[in-house]
Amino acid sequence: MSFPYNAFLVLAAFLSAFAALLHFACIIWGAPLFRFLGAGEPIAQMAEAGHWYANFIAFAIGTMLAVWAAYALSAAGLIVQLPFMRLALSAITGIYLLRALAFPLLKPFFPGNSNTFWLVTSGICLVIGLLHLAGLRQVWDQL
């Protein structure tokens, strides 16, 4: 079965967009959702206290993930071609894979995050990174 669009990049875009929506939802639902997603008690407490930092981080990460989803959709041929496609998609792919594999080095900097958080989010980043890599390899010559 042949797809009219790059299925790897479409799926990567969907997963990035879903992750972006979860981050934006944390701004709306606050501490309970931060806790449920395993973001760590310090961030949840900041959200409960109305501190700007928790929402700022959720917004910044959500925005970044939404832009990454747009780049994947663009490379898949579903939306207009965005600038610096090769550079951007290479960086996005690298960051996802690096985040997936480097979590043991990152854990000490975020002691409030649960082990479940690290394992689940690292697994998700690995899947999205591999989808990007597979999709990027298919469209590289067209970018």
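**Exercise 1. Is Ser 122 buried or exposed, and which side chain does its own side chain make a polar contact with?**

Step 1: Ser 122 has a relative accessibility of 4%, so it counts as buried (buried is under 20% relative accessible area, exposed over 50%, partly exposed in between, using a 1.4 Å probe and protein chains only).

A quick word on the model: it is predicted, so local features need pLDDT of at least 70 and side-chain atom pairs count only at pLDDT 80 or more, while totals for chains, interfaces and linings use all residues. Residues are numbered from 1 along each chain as its sequence is written, and side-chain values use heavy atoms, with hydrogens and water left out.

Step 2: Find Ser 122 in helix α7. Helices (H or I, at least four residues) and strands (E, at least two) are DSSP runs, numbered from the N terminus.

Step 3: The partner is Arg 99, whose side chain is in polar contact with that of Ser 122 at 2.7 Å. That term takes a pair of N or O atoms within 3.5 Å; within protein, one must be able to donate a hydrogen and the other to accept it, and residues adjacent in sequence count only if both atoms are side-chain atoms.

Step 4: Skipping residues up to four places away in sequence, Ser 122 touches Arg 99, Ala 100, Phe 103 and Phe 117 (contact means heavy atoms within 4.5 Å).

**Exercise 2. Which backbone oxygen lies 2.8 Å from a polar atom of the Ser 74 side chain?**

Step 1: Go to helix α4, where Ser 74 sits. At 6% relative accessibility, Ser 74 is buried.

Step 2: The oxygen belongs to Val 80.

Step 3: Leaving aside neighbours within four places in sequence, Ser 74 has contacts that include Ile 79, Leu 82 and Met 85.

**Exercise 3. How many aromatic pairs are there, and what kind of pair do Phe 24 and Phe 59 make?**

Step 1: Rings of Phe, Tyr and Trp (its six-membered ring) pair if their centres lie within 6.5 Å; planes under 30 degrees apart are stacked, over 60 edge-to-face and the rest tilted. That rule gives six aromatic pairs.

Step 2: Phe 24 and Phe 59 have ring centres 5.9 Å apart and planes at 50°, so they are tilted. Phe 24 is in helix α1 and Phe 59 in helix α4, so the pair ties together parts 35 residues apart in sequence.

Step 3: Trp 52 is exposed at 56%.

**Exercise 4. How many residues line the largest pocket?**

Step 1: The count is 41, with His 23, Ile 61, Arg 99, Phe 117 and Thr 121 nearest the centre.

Step 2: Elements giving two or more residues to this lining include α1 (7-29), α4 (52-76) and α7 (115-139).

Note on methods
1 Å grid on protein atoms, 1.4 Å probe; cavity = no way out; pocket = protein on both sides within 12 Å on 5 of 7 lines; lining within 4 Å.
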